[in-house]
Amino acid sequence: MRVGVLALQGDFREHAGLLTRMGHTPVLIRRTEELDGIDALVIPGGESTTIGKLADRYGLLEPLRAVIGNGLPTLGTCAGLIFLAAGTTGPTQVQLGVLDVVVERNAFGRQVDSFESELDVAGFAEPLHAVFIRAPIVEKVGGDVEVLAAVDGDPVMVRQGHIVATSFHPELLGETRVHELMLGS
Amino acid sequence: MDKGTDRVKRGLAEMLKGGVIMDVVTADQARIAEEAGAVAVMALERVPADIRADGGVARMSDPGMIEQIQGAVTIPVMAKARIGHFVEAQVLQSLGVDYVDESEVLTPADEEHHIDKWAFTVPFVCGARNLGEALRRIGEGAAMIRTKGEAGTGDVVEAVRHFRTIDGEIKRLTSMKHEELMSTARDLGAPFDLVQEVAETGALPVVNFAAGGIATPADAALMMQLGVDGVFVGSGIFKSGDPAARAKAIVEATTYYEDPSIIAKVSRDLGEPMVGIGVSDLDESERLAGRGW
């Protein structure tokens with residue numbers, strides 16, 4: 001499959017490398033015309049404010065809302081989750097609003113509170129090792145959103161039909177199951 | 001829950017890739033940087049160009065000023081400690097800064113030893129001029145490397161030199177036979193296990209940013225095309241005529257570094273760049289990159 005990876009800022013090369021190892025063809029996306037002909041989309045980790053501002057300035061917001069709204073399988077990790085969401089509990093920032101959740105940014109604290117741990121994910125036979133870096137949590141969940149994993153009761157992985165989003169970074173550890181889940185949806 | 005692991009420390013640097021980290025001295029400047037699209041800010045009392053002009057001893061910033069900047073933005077906040085000054089680093093960690101820059105821009109506190117960065121939960125970024133220096137810092141626990149360049153000059157030549165040196169030395173390592181690595185480790189003054197790792201992977205084990213002398217969108221794009229993971233801009237933004245416009249332009253040039261038409265577009269009407277100092281006009285004693293080893 002041709003999988004678009006939004007490449008405005010962040011760890012898009014880690015996603016592209018993982019997709020290549022999975023046998024797919026990653027396509028780095030920085031311009032609207034690069035969205036043509038992709039079978040799925042990944043929004044990487046990074047700084048959500050930076051990604052949002054660049055997407056806005058370079059006219060990517062409406063085209064992204066359109067392709068995701070039309071059912072393109074989409075995965076967002078960390079900043080990607082924030083960018084896909086409908087709101088944050090903090091200051092207003094540019095978001096796509098295609099995923100019916102409100103997120104709390106940096107919910108675990110500053111970088112000294114970033115952590116890694118084992119995580120049980122609904123539908124995965126084995127737990128997943130998850131790295132949380134200045135990670136968000138999902139604070140409010142809309143009606144069509146399933147919570148697939150949580151830390152201390154706070155959702156950190158959700159699914160809304162063809163959209164999967166995580167607070168953590170499967171791409172940093174070569175974890176393929178989250179990408180497989182999204183591509184199969 | 002494991003905190004302060006290698007993965008977590010190096011992981012934050014991975015998230016900063018393709019972005020611009022900007023020096024700021026006030027909360028207002030931090031807001032301008034965030035609005036422009038910076039991925040992080042470096043909180044410090046004086047930008048390198050002023051440190052250079054003022055002379056005297058340059059130290060860690062006032063904790064109150066760092067806290068004001070932390071309160072003003074949602075992006076990561078970094079701060080500088082003097083080379084070898086592990087108590088300044090302890091203070092910065094207690095303030096909750098997201099990255100400590102053990103920086104040659106400040107006056108070194110120890111001419112022999114750098115900070116033992118393994119002893120900290122907060123990650124560190126350190127400057128390097130060559131592969132040996134980069135691997136020594138990683139051996140001490142640095143989770144991110146940047147070129148030293150020559151801070152506060154607006155002259156990109158040293159950042160280019162340092163990146164090309166590191167890149168060339170990595171390429172040379174990958175073509176060596178295994179038995180050649182030990183004497184190379186000796187010559188580089190670098191830990192053998194890291195030399196071996198770089199020879200196998202063909203890359204540093206941590207993210208490598210450009211720093212020291214970047215003043216224009218084209219400078220940022222130059223460093224990105226050479227192969228750095230992102231850029232630090234120190235004096236280049238807030239010592240220029242129109243900081244907000246220049247900051248935004250450098251962010252866009254860092255994302256679209258392969259597109260000269262976008263770099264041309266964002267480079268228009270930015271006002272005066274910072275007044276530069278040619279590095280070749282500096283005496284050896286005026287060069288900051290020689291601090292640390």
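## Polar links between the chains

Across the interface of chain B and chain A, 30 residue pairs are in polar contact, both partners at pLDDT 80 or more. Keep in mind that what you're looking at is a predicted model.

On chain B's side, the elements that put two or more residues against chain A are β1 (2–3), α1 (6–16), α2 (27–36), α12 (243–255) and α13 (260–267). Of these, α1(B) gives the most, with eight residues. Sort that side of chain B by class and you get 17 nonpolar, 12 polar and 14 charged residues.

The size of an interface is often given as the accessible area lost when the parts come together. Here, chain B and chain A bury about 3300 Å² between them, with carbon and sulfur atoms giving 54% of that. Over in chain B, the residues that lose the most area to chain A are B:M1, B:M15 and B:Y256, together 21% of what that side buries.

As for who takes part, chain A brings 40 residues to the contact and chain B brings 43.

## Salt bridges

Charged side chains pair up across the two chains too: the count between chain B and chain A is nine salt bridges. One of them joins B:K3 to A:D113, with 3.3 Å from N to O.

## A strand pairing

Strand β7 of chain A (residues 115–119) and β1(B) run antiparallel, joined by two bridges. If you want a spot to look at, find A:E116: its bridge partner in β1(B) is B:D2.

How values were computed:
Residues are numbered from 1 along each chain as its sequence is written. Chains are lettered from A and ligands numbered from 1 in the order in which they are written. This is a predicted model: local features need pLDDT of at least 70, side-chain atom pairs count only at pLDDT 80 or more; totals for chains, interfaces and linings use all residues. Side-chain values use heavy atoms; hydrogens and water are left out. Contact means heavy atoms within 4.5 Å. Buried area is the accessible area (1.4 Å probe) that two parts lose on being put together, summed over both. A salt bridge is a side-chain nitrogen of Lys or Arg within 4 Å of a carboxyl oxygen of Asp or Glu. A polar contact is a pair of N or O atoms within 3.5 Å; within protein, one must be able to donate a hydrogen and the other to accept it, and residues adjacent in sequence count only if both atoms are side-chain atoms. Helices (H or I, at least four residues) and strands (E, at least two) are DSSP runs, numbered from the N terminus. Ala, Val, Leu, Ile, Met, Phe, Trp, Tyr, Cys and Pro count as nonpolar, Asp, Glu, Lys and Arg as charged, and the others, Gly among them, as polar. Two strands pair if DSSP finds at least two bridges between them.
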